Amino acid sequence: MILTVTLNTALDITYRTAALTPHATNRVAEVTERPGGKGINVARVLAALGHESVVTGFVGGRTGDALRELLAAEGPGGTRPGDAPVTDALVPIAGTTRRTIAVVDETTGDTTQLNEPGPTVTPAEWAAFLTSYEGLAARSDAVALCGSLPPGIHVGAYAELVRLARAARRPVLLDTSGEPLRRGIAARPDLVKPNADELAQLTGSREPLRATRDARRRGGRSVVASLGAAGLLAATPDGSWRAAPPTAVRGNPTGAGDSAVAGLLSGLVERLPWPERLARAVALSAATVLAPAAGEFDREAYADLLPRVAVTEQSSQPEQESHAPRQHR
């Protein structure tokens, strides 16, 4: 079982319109609603990969009720028969769960994202969550800590959760940004997955390979940076690799990074070599861009992309001085 933590859960709403015109009335052709927040998206992709997962975090109000109903409606087999279970272990709070709105322009393929702030979490609600989390982490094969912190949660929350997972001897992945990332990485998570901007903010470097290695020195055992359409860059105890999709894809990028996290986590639990983990993560991320909503991926596209992802080992020298790389397929 893999535990995913989403402290700032959301009801993800996707609007599809033929063409998005600013300052005008836009007619929506299709609306989808999904239980959301980064960790919940990760769990739903893990289920599709055959890994049982448990989701925890905070949920409240009418929006929270809708989120839980949608999660339950997916059933014990996930989003389609054959998927592994996703278990709801969310902690109820008095506040109302936020919504996120994605508006997809079908003409251009571009997406406009609107994210509401989360509810304020009280000290008593945080204490209740910690009690639940410790028990769940102790029974898990791995833990993923994902997304932003809702109001009321102290900025060192992820560092606290990393330490609790490590005390239970469970591998832990951290996917957040800003000061929560800076403090969380100092608690020495097993894997950190920032995007390029988050990595630059953390390290002060825009050179990706140097920045990923710097992030390792700050505490991350392994660091996998998302480079958007260019794929992933990993710095690990076993070496450094780049993984790139075979072709650029256009669509809704919401949840693509979460699918990459699911690929990395599943590969960790399955003890796959790093090149295979990275290829899976890149293929899932690209296939998610082609899916209609966050927390899903185009399964045919994934099967097509996976064997065509190029994974290139990086030299131990600084990137600009590297020699001819070795490739893995």
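Which residue with a positive phi follows helix 7? I found Gly219, with phi near 140°.

**Ground rules**

I am working from a predicted model, where local features need pLDDT of at least 70, side-chain atom pairs count only at pLDDT 80 or more, and totals for chains, interfaces and linings use all residues. Residues are numbered from 1 along each chain as its sequence is written, and side-chain values use heavy atoms, with hydrogens and water left out.

**Whole protein**

I looked up the secondary structure and got ten helices and 16 strands. Helices (H or I, at least four residues) and strands (E, at least two) are DSSP runs, numbered from the N terminus. The radius of gyration is 19 Å, close to the 20 Å from the globule rule for 329 residues, so the protein is as compact as a globular protein of that length. The C-alpha trace spans about 55 × 50 × 40 Å along its principal axes.

I also checked burial: 54% of the 329 residues count as buried. Buried means under 20% relative accessible area, exposed over 50%, and partly exposed in between, using a 1.4 Å probe and protein chains only. Then contacts (heavy atoms within 4.5 Å): among those with a separation of 6 or more, 67% come from residues 24 or more positions apart.

**Helix 7**

Back to the helix I started with. Helix 7 covers residues 208-217, and Leu209, Ala211, Thr212, Asp214 and Ala215 are buried in it. What do these buried residues pack against? I listed helix 5 (178-186), helix 6 (196-203), strand 12 (222-226), strand 13 (232-236) and strand 14 (239-244).

**Strand 2 and its neighbours**

Strand 2 (residues 10-17) has seven of its eight residues buried, so the rest of the structure largely encloses it. I looked for its partners; strands pair if DSSP finds at least two bridges between them. Strand 3 (residues 30-36) pairs with strand 2 in the antiparallel sense over seven bridges, and Thr14 stands opposite Thr32 there. Strand 7 pairs with strand 2 in the parallel sense over eight bridges, with Ala10 opposite Arg98.

Next I followed strand 7 (residues 98-105) to strand 8 (residues 111-115): they pair in the antiparallel sense over five bridges. Ile101 has Leu114 of strand 8 as its bridge partner. The hairpin they form has five residues between the strands, and Gly109 in it takes a positive phi near 85°.

**Pockets**

How much space lies in the largest pocket? I noted about 1,100 Å³. Grid points are joined across faces, edges and corners, and the volume is the space filled by probe spheres set on the points.

Its lining has 42 residues, with Lys38, Pro253, Gly255, Ala256 and Gly257 nearest the centre of the largest pocket. Helix 1 (38-48), strand 7, strand 8, helix 8 (256-269) and helix 9 (274-289) each give two or more residues to this lining.

The second largest pocket has a volume of about 340 Å³. I counted 13 lining residues, and Pro171, Asp190, Arg221, Leu268 and Arg277 lie nearest its centre. Helix 8 and helix 9 each supply at least two residues here.

**Ser259**

Ser259 sits in helix 8. Is it buried or exposed? I put Ser259 down as buried, because its relative accessibility is 1%. Beyond neighbours within four places in sequence, Ser259 is in contact with Val45, Leu284, Ser285, Thr288 and Glu296.

Most residues other than glycine have a negative phi, so I went looking for exceptions. Arg169, in the loop between helix 4 (157-167) and strand 10 (172-175), has a positive phi near 60°. Arg271, in the loop between helix 8 and helix 9, also has a positive phi near 60°. Arg169 is exposed, with a relative accessible area of 75%, and Arg271 counts as exposed at 75% relative accessibility.

Definitions and conventions: On a 1 Å grid over the protein atoms alone, a cavity is a set of points where a 1.4 Å probe fits but cannot get out, and a pocket is an open set with protein on both sides within 12 Å along at least five of seven lines; lining residues have an atom within 4 Å of a point. The radius of gyration is taken over C-alpha atoms; the globule rule is 2.2 Å times the number of residues to the power 0.38.
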